[in-house]
Amino acid sequence: MLSLMQRVKQFRPLAWTATFPWREWLFVGIPVTIAVVLALWIAARYIQPAPPKRVVLATGPEGSSYQVFAERYRKVFEQNDVKLELLPTKGARENYKLLRGPVAQAPEPPNPVDGVTPAPRAPVPDPGPMPHVDAAFVRGGIGDASESPHLIALGTVSYEALWVFCHGKQTLDDLPPLRGKTVAIGSRGAGTRRMVRTLLKANGTDEADIKALDIGGVQAAEALLTGQADCIFLLESPEAGILKALFFAPDAHMVDFSRRADAYVKKMPFLEKVVLPEGGLDLASNTPSAPITLLAAQTQILAHDDLHPAIQMLLLQAAKQAHGEVGLFNRAGELPAPNKFDFPLSDQATRFFERGPPVLQRYLPFWLANLADRMLVFLIPALAIVFPLARILPPLYAWRMRRRIYRWYGELMFIENEMRRTLTTGETRDFAERLDWIEHEVNALNTPVAYANQLYLLRQHIDFVQHKLQQIVLEKDADAPDPVAT
């Protein structure tokens, strides 16, 4: 003998199966599923792929400030499970060439002179495959967006002062007349040369007007001290030993740009006016003995415009940690800075400087924050469809359920209207069979419990019409003449 609870447990699944409206749920659920899948498919076509696990950063010569900064970047990337490969180069100019990529240079067309057409120039030979880099340290003034429109800037990360020393003991408050002088303008391929050419051109002097020495660094300092060079241009870190040697040399004097520094910066936006404070190089000897205004090239991080936004943000966060401390030419937290000059600032960098890192990256690991960010691209279109459907589906579902019940009322009303006239025996029999069929179909309906009252009310109405038809049949039988009496 089964207990009451055992019978209930056996009954529940059977009752639920019998009354669950599978067709109605499919009618409602299939369009919703198709709409959500379509929204996700559209979102997937425009969603950013996952950020790469390997990024290549072009740095500079071994031991350079670029290399030191890049090592700090690598630690930040390692903390976020991204491999940052450092590519040593000769300097900022080579970094720019690697980012720019191979540029096809067609031979210039021949220019006829005095009716004589010279032989066409040979095309520049292909340098061969170049290593791929995603980002690089590039000094301002080396290139611009007109020749490399596919590059973007992530902001200024450091200032590289231009140190100009000239032979002699006189104080110089600007570049002296250099026409006919012997000047060390930097080694070939170095970014210093282009900056020197720009400065010379701004002062009405061309490289052809001077005796240029293709040397830099220690070689240039030795040439100045030995009298082989009248002036030298250096881009060195303030901590470089050759600067202190030149400061203490009796026959070398550094150019102070205080008089026209603002004019230089206005005409050459990639330059920045910086001040070397008194005693900035050596407090013990108070070197220099007075503040000196210098021109500094702004070093920026350049990248391809298709670099993943998450990697751009990670580079900016690494730059914040590597360059955010106080320096000789910057205050704490001043760098990186959103300075605009040669290349446009990327959208990600603009957001970073305006609002800081993304909210998710502030509180979640890098990979999880990016996963959540990408999932939002899926969820937002889906929710934009699901929420309106959520308001439409309940009335639609209710209408579908009521329609299964109310459609039989049309049959009942038709039969009842026909019953108002005089029916023949055949019509009465047909209507009775039709009512039996309706009753059979209604009894076979599976409806949720919420609509059971309407189903039972329909059965009562069917019984009412059946009873009314039986009354008509009985009345017709009572009015019929008795065949025996006849």
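This is a predicted model: local features need pLDDT of at least 70, side-chain atom pairs count only at pLDDT 80 or more; totals for chains, interfaces and linings use all residues.
Figure 1. S8 covers residues 252-254 and runs antiparallel to S4, with three bridges joining the two. Strand S7 (residues 231-235) is also antiparallel to S4, through five bridges. In S7, Leu 235 is the bridge partner of Leu 162. Strand S10 (residues 292-304) pairs with S4 in the antiparallel sense as well, over nine bridges. Here His 304 of S10 is the bridge partner of Leu 151. How many of the 17 residues of S4 are buried? The count is 16, so S4 (residues 151-167) is largely enclosed by the rest of the structure.

Figure 2. The largest core holds 45 residues, and Tyr 73, Phe 77 and Phe 137 touch the most other members. Helix H9 (residues 309-323) gives this core its largest share, nine residues. A second, separate core has 29 residues, among them Ala 229, Ala 240, Met 254 and Leu 294. In soluble globular proteins, nonpolar side chains tend to be buried together.

**Figure 3. The surroundings of Tyr 73.** Residues up to four places away in sequence are not counted in this view. Tyr 73 touches Leu 57, Leu 84, Phe 137, Val 157 and Ile 301, among others. Its contacts also include Leu 315, Ala 318, Ala 319, Ala 322 and His 323.

**Figure 4. Gln 67 in helix H3.** Helix H3 spans residues 65-79 and contains Gln 67. Is Gln 67 buried or exposed? Its relative accessibility is 9%, so Gln 67 counts as buried. Beyond its neighbours within four places in sequence, Gln 67 is in contact with Thr 59, Gly 60, Pro 61, Glu 62 and Leu 86. The loop between H3 and strand S2 (83-87) holds Asp 81. Phi of Asp 81 is positive, near 60 degrees, in a residue other than glycine.

Figure 5. Glu 160 forms a salt bridge with Arg 139, and the closest N and O atoms are 3.2 Å apart. Glu 160 lies in S4 and Arg 139 in S3 (residues 135-139), so the pair ties together parts that are 21 residues apart in sequence. Glu 160 counts as buried because its relative accessibility is 12%. Arg 139 is buried too, with a relative accessible area of 8%. Across the whole structure, a search finds 16 salt bridges.

**Figure 6. A salt-bridge network around Asp 174.** Asp 173, Asp 174, Arg 259 and Arg 260 are linked in a network of salt bridges. Which side chain meets Asp 174 at 2.4 Å, N to O? The partner is Arg 260. Asp 174 lies in the loop between S4 and S5, and Arg 260 in the loop between S8 and H8, so this pair ties together parts that are 86 residues apart in sequence. Asp 174 also forms a salt bridge with Arg 259, the closest N and O atoms being 3.9 Å apart. Asp 174 is buried, with a relative accessible area of 5%. Arg 260 counts as partly exposed at 33% relative accessibility. Arg 259 is exposed, with a relative accessible area of 55%.

Figure 7. Thr 293 is found in S10. Its relative accessibility is 12%, so Thr 293 counts as buried. Leaving aside neighbours within four places in sequence, Thr 293 is in contact with residues including Val 255, Asp 256, Phe 257 and Ser 258. Lys 273, Val 274 and Val 275 are also among its contacts. The loop between strand S9 (271-276) and S10 contains Pro 288. The peptide bond from Thr 287 to Pro 288 is cis, with omega near -5 degrees. Asn 286 is in this loop as well. Although not a glycine, Asn 286 has a positive phi of about 50 degrees. Asn 286 counts as partly exposed, at 29% relative accessibility.

**Figure 8. A nonpolar surface patch.** Trp 367, Leu 371, Met 375, Leu 376, Leu 379, Ile 380, Leu 383, Val 386 and Phe 387 form this patch. Together they have about 830 Å² of accessible area. Phe 387 has its place in helix H12 (residues 366-418). At 56% relative accessibility, Phe 387 counts as exposed.

Methods. Residues are numbered from 1 along each chain as its sequence is written. Side-chain values use heavy atoms; hydrogens and water are left out. Helices (H or I, at least four residues) and strands (E, at least two) are DSSP runs, numbered from the N terminus. Buried means under 20% relative accessible area, exposed over 50%, partly exposed in between (1.4 Å probe, protein chains only). Contact means heavy atoms within 4.5 Å. Patches are made of residues with over 30% relative accessible area and no salt bridge: like charges are joined within 9 Å, nonpolar side chains (Val, Leu, Ile, Met, Phe, Trp, Tyr) within 5 Å. Accessible areas come from the Shrake-Rupley method with a 1.4 Å probe; for residues, only the protein chains shown count as cover. A salt bridge is a side-chain nitrogen of Lys or Arg within 4 Å of a carboxyl oxygen of Asp or Glu. Two strands pair if DSSP finds at least two bridges between them. A nonpolar core is a set of buried Ala, Val, Leu, Ile, Met, Phe, Trp, Tyr and Cys residues joined through side-chain atoms within 4.5 Å.
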